[in-house]
Amino acid sequence: MPGGWQMALHSSALIETPTQATLLDAQFDLAVLYQTGIGGKPDPAAAESWYTKAAEQGNGPAQLALAKMYFNGAGVMRNLEQAFVWASLAAATLNDAEQKA
């Protein structure tokens, strides 16, 4: 995965010419940037928002990231029910993707 500014440029390029797959990738990349603070200060609320956008559209890694955020209370209020929901969706999504590969 590219680092810092390279990832930001990659994500902005994906948003400018979106397809469903590239839009999900860009949303996930932006969430990672906000969560880690690469290129600025971490912004957990923005990370949660971008992860949610991607996760609601079936992005497995975003679903898993949300599960971890809710389980650990990292940037969001700890919510084990939400963590379970997102983890279950991630498991199904990622398992389905693995079987199609």
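The expected span of a helix is 1.5 Å times one less than its number of residues. Hold on to that for helix α3. This helix has twelve residues. From first C-alpha to last, α3 reaches 16 Å, close to the 16 Å expected at 1.5 Å a residue.

Now the whole protein. This is a predicted model. The protein has five helices and zero strands. Along the sequence, the pattern reads α-α-α-α-α. There are 101 residues, and 34% of them are buried. The accessible surface comes to about 6100 Å². Carbon and sulfur atoms hold 60% of that surface.

Residues 24 or more positions apart account for 35% of them.

Next, the inside. In soluble globular proteins, nonpolar side chains tend to be buried together. Here the largest nonpolar core has 17 residues. Which residues have the most contacts inside this core? They are Tyr 51, Ala 62, Leu 66, Tyr 70 and Trp 86. Four helices, α2, α3, α4 and α5, each supply at least two residues of the core. Helix α4 covers residues 60-72, and α5 covers 80-100. Which helix gives the most? That is α4, with six residues.

Stay with Leu 66 for a moment. Leave out residues up to four places away in sequence. Leu 66 then touches Glu 48, Tyr 51, Thr 52, Ala 55 and Trp 86.

Back to α3. Several of its residues are buried: Ala 46, Ala 47, Tyr 51, Thr 52, Ala 54 and Ala 55. So Thr 52 and Ala 55, both touched by Leu 66, are buried under the 20% relative accessible area cut-off.

Now the rings. How many aromatic pairs are there? The count is one. Phe 28 and Tyr 51 form this pair, with centres 5.7 Å apart and 55 degrees between the planes. Phe 28 lies in helix α2, residues 20-36, and Tyr 51 in helix α3, residues 44-55. The two are 23 residues apart, and the pair links distant parts of the chain. Are they buried or exposed? Both Phe 28 and Tyr 51 are buried.

Last, charges over rings. The charged end of Lys 53 sits over the ring of Trp 50, 5.3 Å from its centre. The charged end of Arg 78 sits over the ring of Phe 71, and here the distance to the centre is 5.1 Å.

Definitions and conventions:
Residues are numbered from 1 along each chain as its sequence is written. This is a predicted model: local features need pLDDT of at least 70, side-chain atom pairs count only at pLDDT 80 or more; totals for chains, interfaces and linings use all residues. Side-chain values use heavy atoms; hydrogens and water are left out. Rings of Phe, Tyr and Trp (its six-membered ring) pair if their centres lie within 6.5 Å; planes under 30 degrees apart count as stacked, over 60 as edge-to-face and the rest as tilted. Buried means under 20% relative accessible area, exposed over 50%, partly exposed in between (1.4 Å probe, protein chains only). A charge sits over a ring if NZ of Lys or CZ of Arg is within 6 Å of the ring centre and within 35 degrees of the ring normal. A nonpolar core is a set of buried Ala, Val, Leu, Ile, Met, Phe, Trp, Tyr and Cys residues joined through side-chain atoms within 4.5 Å. Contact means heavy atoms within 4.5 Å. Accessible areas come from the Shrake-Rupley method with a 1.4 Å probe; for residues, only the protein chains shown count as cover.
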